[in-house]
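Colleague: Could we go through this structure together? I would like to begin with the core.

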Amino acid sequence: MDPDNGGGFFNVRRDDPDGPERLAQYHADLRARVGDEVFDRIQRSRALGDSPRPLTDAQKEVLRQAVAPVLRDLEATGQTLPDIREEVHEDCGEDAVCAWIHHPGGGEGIRVWLNGSAAFQLYSLAEQLQSWKVDQLVDSGQGPWWPCCPQHPAGCRLEPDIDDEAAVWRCSRSGQVVAAIGSLRHPDPSVAARFEKMARREQRRSARTLRASR
Ligand SMILES: [Zn+2]
């Protein structure tokens, strides 16, 4: 592997030189090293990083529907939700809708893959949002346990997987499928009941809004 390339082309921007001539030389070297297609992509990503582009209405809808089950799992288990911005910060080609999780002083991209099964799309989002959540827990001095496994409450985490064409949470110790992604419950039954009630009310409200808009 080329040690200058850091293994991923989005890493290149960190060693950008100053000065127009050195920058031009750097770009020429980079283009020679990674090829035209990747180079153009880096340039487009850089431009989007500097001035993000809002998603189209259709892309927003795809994003909202795709992340909803994972947000529901975060909410049902009492976690804070990511601040998802409906804007593109990097060029991710035709195969994905990109969005951005904003955090104070930075953020990270998330991708909704369009070219696989619905199960794969959800599995992949669960993986991305789990990674965001785990970083957040660790940064605040907690253990990397989200979602907590109901079978082994101490130090076991559920991992996203695909089982029988469905996106599921699987216990990382026993390998057992614990729940469909989007159907986690809070370990405390009274909190779980309160959440269910809230979710049903929200469902009725959005069904009424949908009927009214037809
Ligand atoms: Zn477990």
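Colleague: Which residues touch the most other members in the largest nonpolar core?

Modeller: A word on the basis before that: this is a predicted model, in which local features need pLDDT of at least 70 and side-chain atom pairs count only at pLDDT 80 or more, while totals for chains, interfaces and linings use all residues. Residues are numbered from 1 along each chain as its sequence is written. The largest nonpolar core has 27 residues, and L63, V70, A99, L125, A126 and I181 touch the most other members. Such a core is a set of buried Ala, Val, Leu, Ile, Met, Phe, Trp, Tyr and Cys residues joined through C-beta atoms within 7 Å. A residue is buried if 20 or more other C-beta atoms lie within 10 Å of its own, exposed if 12 or fewer, and partly exposed in between, with C-beta atoms placed from the backbone.

Colleague: Which element supplies the largest share of this core?

Modeller: That is α3, with six residues. At least two residues each come from α3 (57–76), β4 (96–103), β5 (106–113), α4 (118–139) and β7 (166–171). Helices (H or I, at least four residues) and strands (E, at least two) are DSSP runs, numbered from the N terminus.

Colleague: And what is L125 in contact with, leaving aside its neighbours within four places in sequence?

Modeller: L125 is in contact with A66, V67, V70 and V112; contact requires C-beta atoms, placed from the backbone, within 7 Å.

Colleague: Turning to the strands, how do β6 and β7 pair?

Modeller: Strand β6 (residues 158–163) and β7 are antiparallel, with six bridges; pairing requires at least two bridges found by DSSP. I162 is opposite A167 in β7. Their hairpin has two residues between the strands, and D164 has a positive phi near 50 degrees there.

Colleague: What about β7 and β8?

Modeller: β7 and strand β8 (residues 177–180) also run antiparallel, joined by three bridges. R170 faces V177 in β8. In this hairpin, with five residues between the strands, G175 takes a positive phi near 80 degrees.

Colleague: Why does α5 lie largely in the open?

Modeller: The number buried among the 24 residues of α5 is zero, so the helix lies largely in the open. Helix α5 covers residues 189–212 and reaches 34 Å from its first C-alpha to its last, close to the 34 Å expected; that expectation is 1.5 Å times one less than the number of residues.

Colleague: Finally, how far apart are the C-alpha centres of domain 1 and domain 2?

Modeller: They lie 33 Å apart. The bounds, from an automatic or database domain assignment, are 3–50 for domain 1 and 54–213 for domain 2. Five residues from domain 1 and four residues from domain 2 take part in the contact.

Note on methods
Two residues are in contact if their C-beta atoms, placed from the backbone, lie within 7 Å.
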